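Student: I have a model open and would like to learn how to read it. Where do I begin?

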Amino acid sequence: MRTVRGITAAVAGLAAACGLAPRAAAVGAPEADLAYHGAATLAGGLLDVRVTPRNHGPSAVPETSVLLRWSRPPTDGQTLPAGCARSGARVVLCRVAALAADDVGEEIRLRVRLRGAPSEVRMDLDTAWSGGAVDRNRDNDRQRVLVLDTGDEYHF
């Protein structure tokens with residue numbers, strides 16, 4: 001019996017660590033509804049991104065971070081805004097300060113040069129860290145945008 005309980009606990013812990021059981025792992029955690037909206041423009045390989053975070057509540061979050069991933073990698077040696085750092089060849093993480101319930105955060109602005117000056121880039125946004133809060137509505141914090149090299153703004 002002790003072995004079965006140990007295996008069950010190990011499997012539950014592994015599932016929670018891999019994000020497969022967020023509800024079970026977050027019992028008693030505050031609930032928040034994070035969302036990201038903004039615009040992206042691509043012109044001559046230069047991608048401009050504006051992201052505004054929002055917490056629809058019901059609880060505040062102490063700190064969050066947003067993940068931005070592109071289908072084409074940015075060139076090396078670029079300076080990112082304060083609070084943003086590369087996390088991989090095509091990934092940048094940006095810190096979002098504490099957000100009260102029903103609060104809009106400070107806009108994050110990025111300008112990156114993409115390798116090879118592509119005619120289009122797919123951009124994915126997602127919450128990388130939610131400050132320990134549970135977000136049961138992931139539809140509005142996961143975005144996928146196709147940005148064409150037209151100089152036009154693509155809103156999300």
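This is a predicted model: local features need pLDDT of at least 70, side-chain atom pairs count only at pLDDT 80 or more; totals for chains, interfaces and linings use all residues.

Student: How many helices and strands does the chain have?

Tutor: Start by counting elements. Here there are two helices and ten strands. Then read their order. From the N terminus, the pattern is α-α-β-β-β-β-β-β-β-β-β-β.

Student: What share of the 156 residues counts as buried?

Tutor: The figure is 36%. The chain exposes about 8,700 Å². Carbon and sulfur atoms supply 53% of that area.

Student: What share of the contacts joins residues at least 24 apart?

Tutor: Take the contacts between residues at least 6 apart in sequence. Of these, 73% join residues at least 24 apart.

Student: Now the sheet. How do strands pair in general?

Tutor: Strands of a sheet pair through backbone hydrogen bonds, and the pairing is either parallel or antiparallel. In this chain, five strands form an open sheet in the order β4-β5-β3-β8-β9. The pairing is antiparallel.

Student: Which strands are at the edges?

Tutor: An edge strand pairs on one side only; here these are β4 (84-88) and β9 (143-148). From one strand to the next, the twist averages 25 degrees.

Student: How many bridges link β4 and β5?

Tutor: Four bridges join β4 to β5 (residues 91-96), in the antiparallel sense.

Student: Let me try a single residue. Is serine 65 buried or exposed?

Tutor: Check relative accessibility against the cut-off. Buried means under 20%. Serine 65 has 14%, so it counts as buried. This residue is found in strand β3 (residues 64-70).

Student: Which residues is serine 65 in contact with, leaving aside neighbours within four places in sequence?

Tutor: The partners of serine 65 are Tyr36, Cys94, Arg95, Val96, Asp126, Thr127, Ala128 and Trp129. Remember Arg95 from that list. Arg95 returns in the lining of the second largest pocket.

Student: What volume does the second largest pocket have?

Tutor: About 220 Å³. Its lining has 15 residues. Those nearest its centre are Ala82, Arg95, Glu106, Glu107 and Ile108.

Student: Which elements give two or more residues to that lining?

Tutor: They are β5 and β7 (108-113). The most comes from β5, with three residues.

Conventions. Residues are numbered from 1 along each chain as its sequence is written. Side-chain values use heavy atoms; hydrogens and water are left out. Buried means under 20% relative accessible area, exposed over 50%, partly exposed in between (1.4 Å probe, protein chains only). Contact means heavy atoms within 4.5 Å. Two strands pair if DSSP finds at least two bridges between them. Axes are lines fitted to C-alpha atoms, for helices over the stretch in contact, and angles run from 0 to 180 degrees between N-to-C directions. Accessible areas come from the Shrake-Rupley method with a 1.4 Å probe; for residues, only the protein chains shown count as cover. On a 1 Å grid over the protein atoms alone, a cavity is a set of points where a 1.4 Å probe fits but cannot get out, and a pocket is an open set with protein on both sides within 12 Å along at least five of seven lines; lining residues have an atom within 4 Å of a point. Grid points are joined across faces, edges and corners, and a volume is the space filled by probe spheres set on the points.
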